[in-house]
Amino acid sequence: MADAMWLTGPVIRAAAGSHVFCVDNATGETPVSLRLRGEIVDVFGRPLVSDPAAADVVLSIGRTSFDSDDAFRIREERGGGDGVRTFIEGNTAAAALYGLYAWVRRIAAGQSCADYESAPQQSLRMIDHWDQVDGSVERGYAGESIFFGDLDSNEHIDYRYFPARPGADPFRGDMARIEAYARMLASVGVNALALNNVNVRGRAADLMVQPLLGRVAQIARVFSGFGIKLFLAINFAAPKKLGGLSTADPLDPAVRAWWSDVIDGIYEAIPDFGGFLVKADAEGEPGPMQYGRDHKDGANMLAEPMGRHGGIVIWRAFVYNCKQDWRDRSTDRAKAAFENFMPLDGQFADNVVLQVKFGPMDFQVREPLTPLIGALEHTNLMVEFQITAEYLGHQIDVNYVLPQWLSMTGFDTKAPAELTGGDGRVRAIVPALSPNPRCSGYAGVANVGMDKNWTGNKLAQANLYGFGRMCWDGEATAESILDEWLALTFPEAGEAATKAIRGIMLTSNRTYENYCAPLGVGFMVVPGVHYGVSVNGYEYDRWGTYHFADRDGVGVDRTVATGSGYTAQYRPDNAAMYEDVDTTPDELLLFFHHVPYGHVLKSGKTVIQHIYDTHFAGAAAVDGYIEAWDSVRGSIGEADWANVAERLQRQRENAIAWRDQINTYFYRMSGVPDEHGRTIYA
Ligand code: GCU
């Protein structure tokens with residue numbers, strides 16, 4: 001059985017105490033997740049009582065006047081004597097469940113439940129799985145897919161759900177694990193999930209039609225019980241591959257009719273299906289441009305039949321030329337999303353959402369916000385984050401990423417006040433600038449797999465937890481989210497150990513940045529794998545990810561005056577800030593400017609000395625983590641302790657490799673020695 005997560009851990013059982021639950025349901029809607037194995041039970045598996053007067057906790061559904069379907073209120077009523085009854089109220093069964101989970105969380109964290117109300121900041125709070133039907137996970141670092149896999153060698157299949165399983169199919173069938181996962185996601189407010197990888201290969205294209213659709217429907221039902229809608233990633237060439245048509249041209253009537261039939265079929269099997277997630281004309285995936293059409297033609301073609309059923313089409317903006325010639329200095333990959341999608345602003349259907357990665361490149365440890373966010377004024381928007389640690393240490397290196405994400409969602413795009421109502425920060429404009437705010441929000445690429453603790457490195461759970469909390473409560477801080485997670489995950493740890501783990505995690509994102517590519521320049525990773533250092537791994541390749549280091553300096557000139565002109569894509573105040581080397585924040589200097597090694601940063605250090613100092617500091621910090629983690633031993637479960645201890649040793653090797661290769665490379669390039677005379681291998 002999988003390791004306990006924050007909702008099934010001992011603390012939660014303690015929080016449940018001896019409470020007796022009752023559901024007072026004015027809507028007639030059954031909260032499916034309270035139906036365990038056919039019986040109506042509370043989330044702790046105990047039978048509910050039917051009489052509200054006899055219950056300590058009443059889940060009241062459909063008796064509130066909230067605008068939001070997801071908002072909830074928790075209030076306590078004092079009865080006669082000492083008795084306190086808790087009412088958890090929401091418009092829908094999902095809202096009441098969010099309230100129930102919040103109640104559990106607040107008890108665990110020692111917070112008051114006397115009068116607490118909450119509504120989510122983002123409408124779509126989505127997890128994107130990059131799982132493939134062969135059981136592997138693209139950019140997955142926590143074992144195989146929890147959905148797909150080789151059934152012949154699988155001992156997990158739960159025959160209570162599949163009494164008459166037809167011959168081999170690509171589904172793992174571990175429905176108990178899927179249910180545990182759904183509960184965990186619902187407990188942090190997630191309400192949408194894409195089942196399969198955006199690169200839709202092989203049989204993955206068949207998931208949207210029978211017979212595999214029937215199995216997808218079984219999974220969808222489990223998620224639906226927790227208020228989570230299921231989405232499928234589709235292959236734009238499916239009309240040819242699956243339908244036997246000669247084209248996938250989105251304006252071709254036969255193609256349109258084919259998609260319409262497929263979508264009708266999906267809704268027959270999954271009445272509350274969420275919709276499609278589409279990677280088109282990107283990194284070799286098929287798309288409308290092959291037929292001389294554009295993204296709007298492709299997305300709107302799917303949106304029409306989808307809209308008849310209340311579904312949506314999520315169209316990804318990760319589109320760029322991945323066959324660039326490194327010799328070509330006129331192309332700048334950072335400009336691509338804006339160039340491709342800004343001209344289409346206002347032309348997408350009401351139920352199309354553009355899903356945009358937060359940075360202009362690709363989930364680096366440091367990037368500016370993509371200028372497309374804040375520029376689009378008439379397009380539904382989702383911001384894409386990557387919970388799985390592709391460029392952030394593969395869940396080997398500790399990397400609590402909330403500080404970075406929150407700095408992105410808190411970035412002021414400077415979108416005009418007459419459009420935004422005065423708050424230009426990302427977290428505010430996503431709903432405010434989306435014409436149909438229901439179709440807006442955040443998506444995070446999943447970091448879970450079949451590993452016992454779900455995420456490979458136990459501490460990587462905090463990023464999944466934090467993603468959900470950030471979607472819901474946008475003003476929560478990285479510290480407060482971490483404190484919740486720690487209280488739920490290591491309730492037995494005690495003050496000193498909790499402090500030690502907290503100290504490691506809160507500095508871990510900066511530590512990782514310190515030993516990786518400097519000052520926002522990005523990449524310098526081993527090509528393909530994206531773990532470990534390779535300074536020139538991508539320098540003479542086709543991906544548009546260059547650092548341009550030479551004997552005089554380093555960095556990418558993206559200014560209008562002398563570079564690629566990328567800075568002009570920002571709103572004027574931000575464009576001016578990034579155009580000027582003196583007002584560009586230090587940490588993004590090399591993303592925007594090519595500067596000499598002797599350039600003095602706002603910190604007072606030269607670029608070259610900064611490179612040396614951060615790389616020594618980054619590697620030293622990992623030694624400190626190992627020491628701190630040793631002090632935690634005995635305060636948390638031994639398996640969790642050992643899991644992280646082993647990874648910290650690997651992180652140490654990684655950090656040292658980065659430190660030495662980066663320092664040596666820049667020493668050889670610049671010829672400038674370290675002011676402090678530390679060891680740099682010349
Ligand atoms: C990155 C990643 C790919 C992924 C792509 C995407 O480039 O390395 O594995 O397919 O992003 O987001 O589509």
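Let's start with residues 455-678. The end C-alpha atoms of that span lie 37 Å apart. The span is 52% helix and 2% strand. Why pick this stretch? UniProt lists residues 455-678 in an unreviewed entry, as "domain: Glycosyl hydrolase family 67 C-terminal". One caution before we go on: this is a predicted model.

Now the domains. The domain assignment of the chain gives domain 1 as 10-118 and domain 2 as 124-489. Domain 3 comes in two pieces, 518-556 and 594-670. Take domains 2 and 3 together. Their C-alpha centres lie 29 Å apart. Their contact takes 23 residues from domain 2 and 21 residues from domain 3. What does the domain 2 side of that contact consist of? By class, eight residues are nonpolar, eight are polar and seven are charged.

Next, the open sheet. There are five strands, in the order β1-β4-β6-β5-β7, and the pairing is mixed. The edge strands are β1, at 21-25, and β7, at 115-118. Each of those pairs on one side only. From one strand to the next, the twist averages 20°.

Let's walk across the sheet. β1 and β4 run parallel, joined by five bridges. V23 has its bridge partner in β4, and that partner is L59. Then β4, residues 57-61, pairs with β6, residues 84-90. Parallel or antiparallel? Parallel, over five bridges. Here V57 has T86 of β6 as its bridge partner. On we go to β5, residues 72-78. This strand runs antiparallel to β6, and seven bridges join the two. In that pair, R73 stands opposite E89 of β6. If you are looking at side chains here, keep one general point in mind. In a regular strand, side chains alternate between the two faces of the sheet.

What lies across these strands? Helix α2, residues 93-108, lies across β4, β5, β6 and β7. The helix runs at about 135° to β6.

Happy to go back to any part of it.

Key. Residues are numbered from 1 along each chain as its sequence is written. This is a predicted model: local features need pLDDT of at least 70, side-chain atom pairs count only at pLDDT 80 or more; totals for chains, interfaces and linings use all residues. Domain bounds come from an automatic or database domain assignment. Two residues are in contact if their C-beta atoms, placed from the backbone, lie within 7 Å. Ala, Val, Leu, Ile, Met, Phe, Trp, Tyr, Cys and Pro count as nonpolar, Asp, Glu, Lys and Arg as charged, and the others, Gly among them, as polar. UniProt positions are given in the numbering used here, feature names are shortened, and annotations may be inferred rather than shown by experiment. Helices (H or I, at least four residues) and strands (E, at least two) are DSSP runs, numbered from the N terminus. Two strands pair if DSSP finds at least two bridges between them. Axes are lines fitted to C-alpha atoms, for helices over the stretch in contact, and angles run from 0 to 180 degrees between N-to-C directions.
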